[in-house]
Amino acid sequence: MDFNRTRYIPMSRRRRIYEGKGKTLYEGPEPGTLIQHFKDDATAFNAKKHQIIEGKGVLNNRISEYVFQHLNDIGVPTHFIKRLNMREQLIREVEIVPLEVVVRNVAAGSLSQRLGIEEGTQLPRSIIEFYYKNDQLGDPMVSEEHITAFGWATPQEIDDMMALAIRVNDFLTGLFLGVGIRLVDFKMECGRLFENDMMRIIVADEISPDSCRLWDIKSNEKMDKDRFRRDLGGLLEAYTEVAKRLGILIENDRPAGSGPVLVKS
Ligand SMILES: Nc1ncnc2c1ncn2[C@@H]1O[C@H](COP(=O)(O)OP(=O)(O)OP(=O)(O)O)[C@@H](O)[C@H]1O
Ligand SMILES: [Mg+2]
């Protein structure tokens, strides 16, 4: 398939497949593709808290593009094909595994609350957790036993997701460390891609400051969605700073970033 010759479909004529809290999925130009549109909606605590933060979608589209393109480049399979415009990207359609895969390097959020570990404590090793994607239940944490017993994923698929999660974590940790940011934790989603009688697990959805905890190395300042969750303000400024440090130009709509900007210690 030649994705460089993507047919332009006027927004009004596109078929909407899914309207999520932060993104909308539209039918793509070719079978097996979708268009992922990033909205400005910020939600937290199972959408009980909701606000429009103008420009957030544009930043998340760019940051997620940057991360997914690099993952593709180092051989970590993702759904990302290419960015189409300020808010949209062309992706491969997958069957989403109904789990959120969370990788933690430093204690924060629900881990700190549940286990009484002070936020900011370095964990003895990276920890992978699974949460069942179900808004009605508030995305409860589940074990591998639950996942296999209820058929959400097979043992092989769990192994594949964990292997992907570790590779993504190693890549993201290094990427952010190079620009003076500590990757505390992040969430990713996986999907099943069906290709000529074969099925494999790939990384889907988005990886952005909405789905990561990012702390400035020097000041420990939060540069992620916790600014919204905890009413700290300055969310757009923080996401812009992340994009700037990664060398993603957002002032004009240039297709490629200039590369990471090294931070001197
Ligand atoms: N490549 C893909 N193919 C199919 N579905 C995808 C793909 N990537 C992401 N999705 C799904 O598209 C939706 C994106 O919208 P959004 O993240 O706003 O949803 P949401 O409101 O957070 O709901 P959810 O709890 O399902 O994530 C999610 O349901 C996500 O699982
Ligand atoms: Mg989502």
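## Helix α4

The buried residues of α4 are Glu157, Ile158, Met161, Leu164, Ala165, Val168, Asn169, Phe171, Leu172, Leu175 and Phe176; buried here means under 20% relative accessible area, exposed means over 50% and partly exposed is in between, with a 1.4 Å probe and protein chains only. Helices are DSSP runs of H or I with at least four residues, strands are runs of E with at least two, and both are numbered from the N terminus. An α-helix has 3.6 residues a turn, so residues three or four places apart point the same way.

## About the model

This is a predicted model, in which local features need pLDDT of at least 70 and side-chain atom pairs count only at pLDDT 80 or more, while totals for chains, interfaces and linings use all residues. Residues are numbered from 1 along each chain as its sequence is written, chains are lettered from A and ligands numbered from 1 in the order in which they are written, and side-chain values use heavy atoms, with hydrogens and water left out.

## An aromatic cluster

Searching the whole structure turns up two aromatic pairs. Rings of Phe, Tyr and Trp (its six-membered ring) pair if their centres lie within 6.5 Å; planes under 30 degrees apart count as stacked, over 60 as edge-to-face and the rest as tilted. One of the pairs is Tyr132 with Trp152, which is stacked at 3.9 Å centre to centre with 15 degrees between the planes. Tyr132 belongs to strand β10 (residues 122–132) and Trp152 to the loop between α3 (144–149) and α4 (155–177), so the pair ties together parts that are 20 residues apart in sequence.

Both Tyr132 and Trp152 are buried. Phe150 and Trp152 have ring centres 5.3 Å apart and planes at 35 degrees, so this pair is tilted. Together, Tyr132, Phe150 and Trp152 make up one aromatic cluster.

## Charges over rings

Arg14 lies over the face of Tyr26, at 5.0 Å from the ring centre, and the charged end of Lys49 sits over the ring of Phe228, 5.1 Å from its centre. The criterion is that NZ of Lys or CZ of Arg is within 6 Å of the ring centre and within 35 degrees of the ring normal.

## Around ligand 1

How many residues surround ligand 1? There are 19, and the closest are Lys21, Gly22, Lys23, Lys133 and Glu189; a residue is near a molecule or strand if one of its heavy atoms lies within 4 Å of it. A backbone N or O atom of Lys21 lies 2.5 Å from a ligand oxygen, and a side-chain N or O atom of Glu189 is 2.6 Å from an oxygen atom of ligand 1. Asp205 has a polar backbone atom 3.2 Å from a nitrogen atom of the ligand.

Taken alone, ligand 1 exposes 590 Å², and the protein buries 88% of that. These areas come from the Shrake-Rupley method with a 1.4 Å probe; for residues, only the protein chains shown count as cover. The elements giving two or more residues to the shell are β2 (23–27), β3 (33–38) and β7 (88–92).

## Loops and other details

Lys39 is placed in the loop between β3 and β4 (41–44). At 16% relative accessibility, Lys39 counts as buried, and its side chain makes a polar contact with the side chain of Glu19 at 2.5 Å. A polar contact is a pair of N or O atoms within 3.5 Å; within protein, one must be able to donate a hydrogen and the other to accept it, and residues adjacent in sequence count only if both atoms are side-chain atoms.

Phe45, in the loop between β4 and β5 (49–52), has a phi near 50 degrees, a positive value in a residue other than glycine. Asp231 is not a glycine either, yet has a positive phi of about 55 degrees; Asp231 lies in the loop between α5 (226–229) and α6 (235–245) and counts as exposed at 63% relative accessibility.
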